Amino acid sequence: MKFHVLPAAALLIGVLAASSVRAADQATVDAAAPVFTLPDAYGKTHALADYRGKYVVLEWVNFDCPFVHKHYGSGAMQTLQRAVTEQGIIWLSVCSSAPGKQGYFAGKDLHERIAEEKASPTAYLLDTEGTVGRAYGAKTTPHMFVIDPKGVVIYAGGIDDIASTDFDDIGRATNYVKGAVEAAMAGKPVPVKTSRSYGCSVKYK
């Protein structure tokens, strides 16, 4: 797997973006999730309404972001994707990077990158206009949302509680997405409903 080393200034920008995102900037927890329809990497259309009655995880993604690379390069994100989807949960990776900006891929380049990363979502969705990202208040990559079978947001924020690019931090971190899904499916209250997201800023149009 290729790892693209970013200049220190780029990493600093990512850290600053992470520190500026608060729960108040995100989609409203305990309220209806914004509906949307988007094409996937292979041209198939997906609507959130298609998955009514199922849990849905939304992951904002940019494969060239070092914070995203921490989770994919270590294999942690793919492991969680597989564990979740094997339970019948829908995992939608959403890319809101505009054409010409970091993280944007299309056609064969996108297909090859998804394969290279060994990504295992239900679908990789293209939000090139940034409409869906802005509706959810997605600020960083990754930025995570969990939606229950009634279409209500039950978690919004970071994937875990350690805002770093260090692979070694994954094992020490509390994964909020995993915790939200496990609690909700067991009929228990979600232990953490909101948190700061961290990562690179979403590369909107």
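This is a predicted model: local features need pLDDT of at least 70, side-chain atom pairs count only at pLDDT 80 or more; totals for chains, interfaces and linings use all residues.
**The disulfide**

A search of the whole structure turns up one disulfide. Its partners are Cys65 and Cys200, with sulfur atoms 2.3 Å apart. The cut-off for a disulfide is 2.5 Å between cysteine sulfur atoms, so the pair at 2.3 Å qualifies. The torsion about the S-S bond of Cys65 and Cys200 is about 90°, so this disulfide is right-handed. The bond links distant parts of the chain, with its two cysteines 135 residues apart. Cys65 lies in the loop between strand S3 (56-60) and helix H2 (66-73). Cys200 belongs to strand S9 (residues 200-201).

**Burial**

Residues count as buried under 20% relative accessible area.

| Residue | Relative accessible area | Class |
|---|---|---|
| Cys65 | 0% | buried |
| Cys200 | 4% | buried |
| Cys95 | 2% | buried |
| Ala138 | 1% | buried |

**Around Ala138**

Where does Ala138 sit? Ala138 is in the loop between helix H5 (131-136) and strand S6 (140-141). Which residues touch Ala138, leaving aside neighbours within four places in sequence? The contacts are Trp60, Gly133, His143, Val202 and Tyr204. Ala27 is 111 residues from Ala138 along the chain. The C-alpha atoms of Ala27 and Ala138 are separated by 8.2 Å. With a relative accessible area of 1%, under the 20% cut-off, Ala138 is therefore buried.

Definitions and conventions. Residues are numbered from 1 along each chain as its sequence is written. Side-chain values use heavy atoms; hydrogens and water are left out. Helices (H or I, at least four residues) and strands (E, at least two) are DSSP runs, numbered from the N terminus. Buried means under 20% relative accessible area, exposed over 50%, partly exposed in between (1.4 Å probe, protein chains only). Contact means heavy atoms within 4.5 Å.
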